[in-house]
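Subject: Structure handover

Hi,

Here is the structure I promised to pass on.

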Amino acid sequence: MLTEFLQREQAAIVDTWVDLIISGYPAQSSHFLKEESDRFRNPVGFTIGSEANKLFAALVDNNDESRLRASIDSIIKIRTVQDFTAAQAVHFIFLLKDALRKTLSEKGKEEVPIDELLAFESRVDRLALLAFDSYMHCRDRINEIRIQEMKRKSRFLLKRLHIQEESIWQEG
Amino acid sequence: MAEKILPPEELGRVDYSPPKKSWMDPKVEFRKGTFNYGAVPSSTSYLDLPFSRKWQPTDDDWQLPDNWKEIILNGLKDRLKKYRSLKVFMDICVRCGACADKCHFYIGSGDPKNMPVLRAELLRSVYRNDFTTAGKLLGKLAGGRKLTKEIIKEWFYYFYQCTECRRCSVFCPYGIDTAEITMMGRELLNLLGLDIDWITTPAANCFRTGNHLGIQPHGFKDSVEFAVDDLEEITGIRVEAPINKKGAEVLFIVPSADYFGDPHYFGFLGYLALLHEIGLDYTFSTFASEGGNFGLFHSAEMMKRLNAKMYMEAKRLGVKWILGGECGHMWRVIHQYMDTVNGPADFLEVPVSPITGTRFEHAASTKMIHIAEFTADLIKHGKLNLDKSRNDQWRVTFHDSCNPARAMGLLEEPRFILNSVCNHFYEMPENTIREQTFCCGSGAGLGTDENFEMRMRGGLPRANAVKYVQEQHDVNMLCCICAIDKATLPPLMDYWVPGIQVGALHELVGNALVMKGEKERVTDMRSNPLPGKEVTVDA
Amino acid sequence: MKLFISLLAVLVLIILPLILVANGGDSIRYLFGVIVPYVGIAVFLFGIIYRVLHWARSPVPFRIVTTCGQQRSLPWIKSSKLENPHTIWGVLGRMLLEVLCFRSLFRNTKVELHEGPKLAYGADKWLWAAGLAFHWSLLIIFLRHFKYFAEPVPYFVTVIQNLDGFFQVGLPILYITDIIVVVALTYIFLRRVFVPQVRYISLPADYFALFLLLGITISGIVVRYFFKTDIVGVKELGTGLLSFHPVVPASIGVSFFIHLFLVSCLLMYFPFSKLMHMGGVFLSPTRNLVNNSRAKRHINPWNYPVKVHTYEEYEDEFREVMRAAGLPLEKE
């Protein structure tokens, strides 16, 4: 029954969710992030919008983690390198609960059994954990890439000094 | 006291600063990963720069000289007198906002002060306050701001968040070029000794040793010899690569990263193979062993000081003309500044390709041509034997570098070459290439490790377009003709679009080039097996 | 706040003639009908000349063309003559496109992804359209006004007027440009207020210019269509001003004085404001130069010698290692 509600109101819920996510950016940019539909002119807004939709659909279907992960990664990858702390970077997941409650209160509280709602919110919580994993993974990637960048700089230098160890270069 | 239960929308708002009311408030926070370190005193003093001292942007006190205000205002006055561009650009912006969403840093960060118009307003507001009647009378009401130390910090933060890529200037109805404004802003900061290390130290190296990396003459020779060895291993041909040879016909100057960096080096092998194959009488120089010019990111004067070596060395060696390698901002300097600041090059001749006889009239005064122009001419005249299939391991897209695209117009030459040396070439979407190309996010001296997160933000629009051709056409190679691109696009790709390699145009030329007397090639310039030539090891 | 200050300023400019002319005598009418317009025109002309000369006093040290197309290099590569001009004619064409058609604003292309997935290039051209509509309408309206200054009315003015009133609607005949200019200005104003990025970058001066222009067009419309004023009297004033024998006919109503005063204010404000983009666009070095800096040397008048590192200094420092590496030396 909740599932029906979620499917029916997907557009409204996701829209509210995306609004809440984007309101975390400076107010002067939110219009651009939200309204600019060109994916090349507005990669941040485009990614948040399209991946939020996919995430929500996957959550409703109670899909396995692998389907959730790609979408989570796409959003987290961006938030990791923006001016956010770890908490702020993953916080957008919890905003889904808020968006859901808001839509529920507007469009029919009574038809949803509380246990189903709690179950769905648990799924959202699980998503948040995935997001945290993803954030940590992105931070790790950044550090790995930074190390590789350093190595790349000195690669031929080391080669010339005959201290190249193939194993060093094979990672990544 | 009962603990307050936060609703979900409040959870993530831990000390998130609320949007500022007006941009006139200059507060900036130097967060790790988003700014560049200050220059070390040894570099600034080597270059005789003012107020050389040890400092970091995170310091509370930037140890500005007592008369800092006077220095800035006099510096601005001086530059208004010297540059019509600055004067006009200070006055005529109507703040229409056409540039706002054209900046890669704005697109990637959402920080409103990264809108080109606002970046310029940071300086313009001070100009209005002190140089216009309306500003003097009405102050803030006329859009003026009184110069404060906070504004200096804000300038530093945002003028080192612009890569001088000039994309906004393409869209501005009056051609206002934020690069000009950033350059002036940086020059003003330099007057107070606020230099960044990633620009000043390479500049000091270049001044002393002839190249940014600080490689001394014997090191340069070693590097070239190693490359000759590597090329011999790949092709079976031992090429000659003369250095400091007097009386050669052509002086060949490449960015120093070409003989040290990965993947620049593979393009360097391509140059060596090509120039050997056509039998060009050329020489490298240890004294002018740098094509790039980090001086451009510092000041017009530093640009001139570093660039002077090219003509000085061409004169000393007695060459006829100069050939330049693949580099972005190097070509901004050569095309738009070199002849003006260090010319006239009346001791050189108009470049003529000794192989095709083509006279490069478009370089009749500067006497320096781009290797893409040179190679395209060779291919057009059928002087090269090319085997495209030796690039079949690559599905290529081409990244126009900002300066060759928007400060020169070198668009078709590399595309012609690419289409001649590989079978699979795919363009990125129209509004992300050619004159609308997106910057790598690390140009103009911002490609440092400490600035990594900012670079990832700034490079997002570029990476996003690459991702699109990766999805559509399985592209696996991002080809480019800029040393900074080659250094900074690999990490950018690793982060946003894993699976994309970055390569030089002449790396692909080197792969395809069938040389007279070469052995059967089994590897490409990267020493990776060619398609169909993989060695299978039986277990 | 920025908006209200500007609105207030323009309202004051409207109320001033309203009160003074309505209650004042002939001398006030002479002040608003003759002195203020003369001052306005004088400030406008001298101001513009001063500003342009002021800009022109600074040299163009470098040839910093923003190239938006293929350069001229090899003969078999087609160069982009207008977007990357290599002759003065190309620059002329580029400037004409810029000034007459707002070429750069037109560049605002936008890509949309459709199901398929298929890319489509669409237009994001509202700002371009509104800007172009506003500027062209203003020009036509300006030219139309010549009929108040010259007798007989120049032929081109009649032609423009007939074209502008092509639809023959209403009495007096409705000019299309009157509608377009108000609509375009309103769009530009609303965009400034409602698009957060643009609101963020806006200064009081931006609103002031818009309100002033809106005030002028609306007061002009009011004079023409609603509180009709004596056209013959206005023409008498116009020709008088132009021939330096000014008279202020008693038949001219207050509404016209408001219109005239706002126009005079615009003329006085113009040279000291961002409206000077009209002149500045011609002086913009990224657009008005030929991209031939490698073919022809560009001279920087203040080019000065700098401290360089000479080859001799370089060899002195590295002579030993160069010798050891077998590199040729100037001094053994």
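First, a term for what follows: two residues are in contact if their C-beta atoms, placed from the backbone, lie within 7 Å. This is a predicted model, where local features need pLDDT of at least 70, side-chain atom pairs count only at pLDDT 80 or more, and totals for chains, interfaces and linings use all residues. Residues are numbered from 1 along each chain as its sequence is written, while chains are lettered from A and ligands numbered from 1 in the order in which they are written.

Chain A
With that contact cut-off, 76% of the contacts in chain A between residues at least 6 apart in sequence join residues at least 24 apart. Chain A has nine helices and zero strands (helices are DSSP runs of H or I, at least four residues, strands are runs of E, at least two, and both are numbered from the N terminus). Its radius of gyration, taken over C-alpha atoms, is 20 Å, well over the 16 Å that the globule rule gives for 172 residues, so chain A is more spread out than a compact globule; that rule is 2.2 Å times the number of residues to the power 0.38. The C-alpha trace of chain A spans about 75 × 35 × 25 Å along its principal axes.

Chains B and C
Here 75 residues of chain C are in contact with 87 residues of chain B. On the chain C side, α13(C) gives the largest share, six residues. That side divides into 42 nonpolar, 23 polar and 10 charged residues (Ala, Val, Leu, Ile, Met, Phe, Trp, Tyr, Cys and Pro count as nonpolar, Asp, Glu, Lys and Arg as charged, and the others, Gly among them, as polar).

Inside chain B
Four strands of chain B make an open, parallel sheet in the order β2-β1-β3-β4, where pairing takes at least two DSSP bridges between two strands. β2 (282-283) and β4 (368-370) of chain B stand at the edges with a single partner strand each, so one side of each has no neighbour in the sheet. Three bridges join β3 (residues 321-324) of chain B to β4(B), and B:Gly324 stands opposite B:His370.

The axes of α4 (residues 84-92) and α10 (residues 178-191) of chain B come within 10 Å and cross at roughly 110 degrees. Axes are lines fitted to C-alpha atoms, for helices over the stretch in contact, with angles from 0 to 180 degrees between N-to-C directions. α4(B) and α10(B) are therefore roughly perpendicular (65 to 115 degrees). Residues making this contact include B:Phe89 of α4(B) and B:Met184 of α10(B).

Cheers

Note on methods. Angles under 35 degrees count as roughly parallel, over 145 as roughly antiparallel, 65 to 115 as roughly perpendicular and the rest as oblique.
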